[in-house]
Amino acid sequence: MNICFDVNAIIHLYTNTREQAETLQAYDVALIRNFEVCAPACSLADIHYILHRNGLSGDALRESMSALFEMFRVFDANEQDGKNALLNDMNDYEDALIAESASRNGMDVILTYNTKDFRYSPVKAMTPMEFVDTFKPHNYIYEETAW
């Protein structure tokens, strides 16, 4: 199974919040199940910008971005994906581009905190916790973390 992590899920990996724990659990479950974890290339500039805006710079920012290439297989978006995104009924072009490129690249799920934004996506969208609840191995328990 191929799992596409949306921008907001990837950014939460860098926060000290409940969403970070949820996203890490989803990432963990994907690895345990031998799913391929992927990130859309069309989102890399946004991720870089958000991390920089949130205080990372210089070597720390380069290291964080380099870590993404170790953690995720990055898949491309092409001209046809861009054209299909224009025809897609999704309200946000960036989300539509992710959805269309995810579809062409064989993604089975888009992990996002904005599932409603992906209502018209050709690829099913799930929150990280929906993903964990659906795919974690039986009797596998994650500790509750208070935020």
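This is a predicted model: local features need pLDDT of at least 70, side-chain atom pairs count only at pLDDT 80 or more; totals for chains, interfaces and linings use all residues.
Alanine 85 is part of helix H5, which spans residues 79-87. With a relative accessibility of 3%, alanine 85 is classed as buried. Leaving aside residues up to four places away in sequence, the contacts of alanine 85 are Tyr93, Ala96, Leu97 and Glu100. For one of these residues, alanine 96, the C-alpha atom is separated by 4.8 Å from that of alanine 85, the two residues being 11 apart along the chain.

Helix H5 also contains aspartate 81, which takes part in a salt bridge with arginine 104; the closest N and O atoms of this pair are 2.8 Å apart. Aspartate 81 is buried, at 1% relative accessibility, whereas arginine 104 is partly exposed, at 38%.

In total, the model has 8 salt bridges. Another of them links arginine 62 to aspartate 59, with 2.8 Å between the closest N and O atoms. Both residues lie in helix H4 (residues 58-71), 3 residues apart, so about one helical turn separates them. Arginine 62 is exposed, with a relative accessible area of 54%, and aspartate 59 is likewise exposed, at 51%.

A salt bridge is also formed between the side chains of lysine 116 and aspartate 117, with an N to O distance of 3.3 Å. Lysine 116 is exposed at 64% relative accessibility, while aspartate 117 is partly exposed at 28%.

How values were computed: Residues are numbered from 1 along each chain as its sequence is written. Side-chain values use heavy atoms; hydrogens and water are left out. Helices (H or I, at least four residues) and strands (E, at least two) are DSSP runs, numbered from the N terminus. Buried means under 20% relative accessible area, exposed over 50%, partly exposed in between (1.4 Å probe, protein chains only). Contact means heavy atoms within 4.5 Å. A salt bridge is a side-chain nitrogen of Lys or Arg within 4 Å of a carboxyl oxygen of Asp or Glu.
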